[in-house]
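Please walk me through this structure. Start with how the strands pair, then turn to the core and the salt bridges.

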Amino acid sequence: MPQVYVGRAGQDGADFVPRLAALDRAHLEAGQSRSVELSLEPRVLARWDDVDGAFRVAGGDYEVRIGAHALDEDGPTQTIRLATSLLY
């Protein structure tokens, strides 16, 4: 089952741990492979902001990783930079 995890890059994990951002069930026979496309919900990266009355995505670097579970560090990883944004 392909799973995508996202967390703040360079954090110690105390404030922002990797979160499950997308998954899919891909049924394959032994030796079979296929591509899957997953969409990430922006609110997975956001926290509620009482002042603005909306979800806020903090700007900065985020690590996007494919893995079997949140602490799996063996899957492919990509770091992306996001601007601060509000999700209404």
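Strand β4 (residues 54-57) and β7 run antiparallel, joined by 3 bridges. Across this pairing, Phe 55 stands opposite Leu 87 in β7. Strands here are DSSP runs of E with at least two residues, and helices are runs of H or I with at least four; both are numbered from the N terminus. Two strands pair if DSSP finds at least two bridges between them.

A word on the basis. This is a predicted model, in which local features need pLDDT of at least 70 and side-chain atom pairs count only at pLDDT 80 or more, while totals for chains, interfaces and linings use all residues. Residues are numbered from 1 along each chain as its sequence is written, and side-chain values use heavy atoms, with hydrogens and water left out.

Back to the sheet. β4 belongs to an open sheet of 3 strands, in the order β3-β4-β7, with antiparallel pairing. β3 (46-49) and β7 (85-87) stand at the edges, and each has a single partner strand, so one side of each is left without a neighbour in the sheet. From one strand to the next, the twist averages 40°. That angle is taken between N-to-C directions, from 0 to 180 degrees, with axes as lines fitted to C-alpha atoms (for helices, over the stretch in contact).

Now strand β1. Which strands does β1 pair with? One is strand β2 (residues 19-23), antiparallel over 4 bridges. There, Gln 3 has Leu 23 in β2 as its bridge partner. The other is strand β5 (residues 60-66), also antiparallel, with 5 bridges. Tyr 5 stands opposite Arg 65 in β5. Strands of a sheet pair through backbone hydrogen bonds, either parallel or antiparallel.

Is β1 enclosed or open? In β1 (residues 3-8), 5 of the 6 residues are buried, so the strand is largely enclosed by the rest of the structure. Buried means under 20% relative accessible area, exposed means over 50%, and partly exposed lies in between (1.4 Å probe, protein chains only).

The core comes next. The largest nonpolar core has 11 residues, among them Val 4, Val 6, Ala 21, Ala 22, Val 64 and Leu 87. β1, β2 and β5 are the elements that give two or more residues to this core. Such a core is a set of buried Ala, Val, Leu, Ile, Met, Phe, Trp, Tyr and Cys residues joined through side-chain atoms within 4.5 Å. Take Val 4. Beyond its neighbours within four places in sequence, Val 4 contacts residues including Arg 19, Ala 21, Leu 38, Leu 40, Val 64 and Ile 66. Contact means heavy atoms within 4.5 Å.

Charged pairs complete the tour. The count is 5 salt bridges, each a side-chain nitrogen of Lys or Arg within 4 Å of a carboxyl oxygen of Asp or Glu. One joins Arg 34 to Asp 24, with the closest N and O atoms 3.9 Å apart. Arg 34 is partly exposed at 48% relative accessibility, and Asp 24 is partly exposed at 25%.

Asp 49 and Arg 56 meet in another, at 2.8 Å from N to O. Asp 49 is buried at 14% relative accessible area, whereas Arg 56 is partly exposed at 29%. Glu 63 bridges to Arg 65, with the closest N and O atoms 3.3 Å apart. Glu 63 is partly exposed at 27%, but Arg 65 is buried at 6%. Salt bridges that share partners also join Asp 49, Asp 52 and Arg 56 into one network.
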